[in-house]
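Hi everyone, thanks for coming. Let me put the structure up on the screen, and then we can walk through it together.

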Amino acid sequence: MKFEMEYFDVREIRFSEKTRFSDGLLSIDKNELIRQLSSDDRIAVIDIELVRPGENARITNVLDIIEPRIKTGVESYFPGMLRWPGPSGEGVTRVLRGATVFEIGAAQGFIGGLVDMDGNGAPLTPYSKTHNVCLLTAPGAGTSLVEYGLALKQAGCKASVYLAAATKGVTPDEAQIFDLDLGKQETSLPRVGYLFQLHSHGDSREPFVYGDNSRHYYPTILHPNEILDGAIVCGHYNLSVAIKNYTYSLLNHPVVAGLYKRHGKELCFGGVVITPEPTSMTDIKRTSMMAANLLKNVLHVDGVILTKEGGGHTDVDLMQNCDECEKLGIRTVLVDNEWLGPDGAGEMPLLAGSDNADAMVSVGNIDAVVDLLPMGRIVGGRAMHDFPGPLDGQLRMPLRFLATAISQIGSNHLTTEGR
Amino acid sequence: MLRIIHYVNQFFGQIGGEDKAGVPPMVIDGPVGPGLLIDRILKDRGRVVATVLCGDNYFSEEMEAASQALLDMIGARPCDLFIAGPAFNAGRYGIACGEMTRRVQDELGLPAVTGMFPENPGVDLYRKGIYIIETGNTAVGMPKAMPKMIDLGIRLFGREPIGGPEAEGYLPRGIKQNVLASKSAAERAVDLLLKKMKGVPFRTEILLPDLDVVSPAPAVADLKGATIALVTEGGLVPRENPDNIESARASRWAKYRVADLAAHGAEEFQSVHRGFDTVFVNEDPNRLLPVDVMEDLEREGVFKSLFPDFLVTTGVATTMDNARRIGREMARELALANVSGVLLTST
């Protein structure tokens, strides 16, 4: 499977009469973009605001972050969400690199997070360095939470495609080819796979794979290209912000991209299995057995990286998957966050453990307290779930309220160190 | 010029050996014993302004009174940094150094540091809250230990960032601090996996705690004579949440009347739990806590009586300390009321 990614580097964004991209400047016709998103009466797009890298600004009620992309030829993206039929991972994809679309909204039952572009919070998120196009939304009258979430996902995806369309006819700054044959490869390099757990605990609490909820899947092999090219998008609106994977990080999946980068040099990339995180022990045992079998006997890997999505329950999946893989002789590394209390001195509350989990990577203590400086500009509202506000002043809050500070798939550099 | 107050026992304070272990707290102007070494190391950067001293036996027998008396002596003098010991492998001295370092730091707000051999019993008692420089097991290690203690103390005084235990030479305090690594977690995961696959030494970033495995209690022998209580971690509370039960990471629990829940249901009760979709429970709380069925079974005589209160907390990433405490408190309450069995519902 082979596709080409064309990168268009965004160095500046501004509102303008006409949406276009030229010389690193993304000009956006705000009224036209709002019009494009207003055909869905489940959602009201109230306004769009632009936030720039390093600006003295705080973005609140952040629900998802998407990279603007479009597939050349079909001139759409996100198979199963915006277009049908799929598949992703072939052809040419154009990317507005350095720009994002923020889905923003507040409703009782939605859990949004906060992104600081400046101060102590800025180094904790990759999105303090990007040009962020913020969609400020509210639910349409009489719309259920689930429907509002689905409409917001549509709006975010549409806005992403709308912006990326402006690259048509422009010469890219860089192009990269993703070409990987998962068939039998003659190599002495260690063959490494990736087992990607997807949260699957109900509506508004799970991602979409080709447009369908993750809970409808059994362990499934995806070609790495499919993940890097939009097959999975974030669908969580009612899940704590630190324990979900944002669409932007899925599109630039750090484990998949990292294994790709080292393929043929230090290792042989053997493929990816995605697997749900069921809610019953029986189902967890069944899926972990099936996932390990796919890795061992279909993809023939000797080592695997496991990541989870979600809270404490999903450690059960992580440990079961670890055990089933090790049982078949596949060496495992697990990526997990820690819950150690505000001072980092607490004992980790763990629902499951395994003697096989002897090689783990920490993405940080989710409870650690951060002090955030006051910000001159607030985008997204002055109050947030669990935070009555005002949010523009100096804030002291646990890391778990900062959207994207914890990345369970390992996008970030945060970790813990003994003290 | 850094002003240091130094704590020693009777032996290092040159009062005497085991026969003088009963001497009460006292203060001496200037340095004594290892305090002279502190002055030599610091040269014109600082000096020991006073030495506080107590016999090891006196301290261990009268810990509260002795440490308070010493604390008063220290608090009465100008001081920038407190140094205790080092105690090496001397057990009573180690505990005294640990206790004084902790109290001076926490109650006087002064930077404080001590030193011990890793197997000193004072280490396990005090490592969590204070900096203990790792030393050898006898006073032969003094010339190596003291400069490290002073260096760390000076940097604590200057409120400089303190690095990890290995770099700084202190015993791990059981604290894990968030830091930014040079590589992303995904890159580190690949590095770690390649090491593990090659069979070369590797180091995990998370050491899993031992799991408490709770074996199920034996069945209630005489169900017909039993009082059964309802307990849940599902966060079911009156609508105004009068006891402020947290929606996650709970530290509290509460009890409410089963009769109120039976009479008013979703009109007056809701789940504040943040770990699951509460829509269905908030439509009908019996889905979380089966009061309806339990009342039927009580009427049918399957068991004798339903305990009039139900106990509730929220079970979402609760710290182990709080979870254990909440469990103990609930169990005590129910045992005192002669409850014979509990239906514990989990989400």
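**Salt bridges and the A–B contact**

Let's start in chain B, where B:Glu107 and B:Arg103 form a salt bridge, with 2.9 Å between the closest N and O atoms. By salt bridge I mean a side-chain nitrogen of Lys or Arg within 4 Å of a carboxyl oxygen of Asp or Glu. Before going on, a word of care: this is a predicted model, where local features need pLDDT of at least 70, side-chain atom pairs count only at pLDDT 80 or more, and totals for chains, interfaces and linings use all residues. Residues are numbered from 1 along each chain as its sequence is written, chains are lettered from A and ligands numbered from 1 in the order in which they are written, and side-chain values use heavy atoms, with hydrogens and water left out.

Back to our pair. B:Glu107 and B:Arg103 are separated by about one helical turn, because they sit 4 residues apart in helix H4 (residues 91-108) of chain B. Helices (H or I, at least four residues) and strands (E, at least two) are DSSP runs here, numbered from the N terminus. B:Arg103 is buried at 5% relative accessibility, whereas B:Glu107 is partly exposed at 44%. For these words, buried is under 20% relative accessible area, exposed is over 50%, and partly exposed is in between (1.4 Å probe, protein chains only).

How many salt bridges does the structure hold over all chains? There are 50. One of them joins the side chains of A:Arg377 and A:Glu55, at 2.7 Å from N to O. This pair links distant parts of the chain, 322 residues apart: A:Arg377 is in strand S23 (residues 377-379) of chain A, and A:Glu55 is in the loop between strands S5 (43-51) and S6 (57-66). A:Arg377 is partly exposed at 23%, and A:Glu55 is partly exposed at 21%.

Now to the place where the chains meet. The contact (heavy atoms within 4.5 Å) takes 68 residues from chain A and 50 residues from chain B. Together the two chains bury about 4,900 Å², 60% of it on carbon and sulfur atoms. Buried area is the accessible area (1.4 Å probe) that two parts lose on being put together, summed over both. A:Glu347, A:His413 and A:Arg419 supply 19% of the area that chain A buries against chain B, more than any other three residues.

Between chain A and chain B the count is 6 salt bridges. In one of these, A:Arg262 meets B:Asp191, with the closest N and O atoms 2.4 Å apart. A:Arg262 and B:Asp191 also belong to a network of salt bridges with A:Glu266 and B:Lys183.

Within S7 of chain B, B:Val179 is the bridge partner of A:Thr415.

One last stop: is A:Ser354 buried or exposed? A:Ser354 counts as buried, because its relative accessibility is 14%. You can find A:Ser354 in the loop between S20 and S21 of chain A. Leaving aside neighbours within four places in sequence, A:Ser354 is in contact with A:Met319, A:Cys322, A:Asp323 and B:Leu208.

Key
Pairing = 2+ DSSP bridges.
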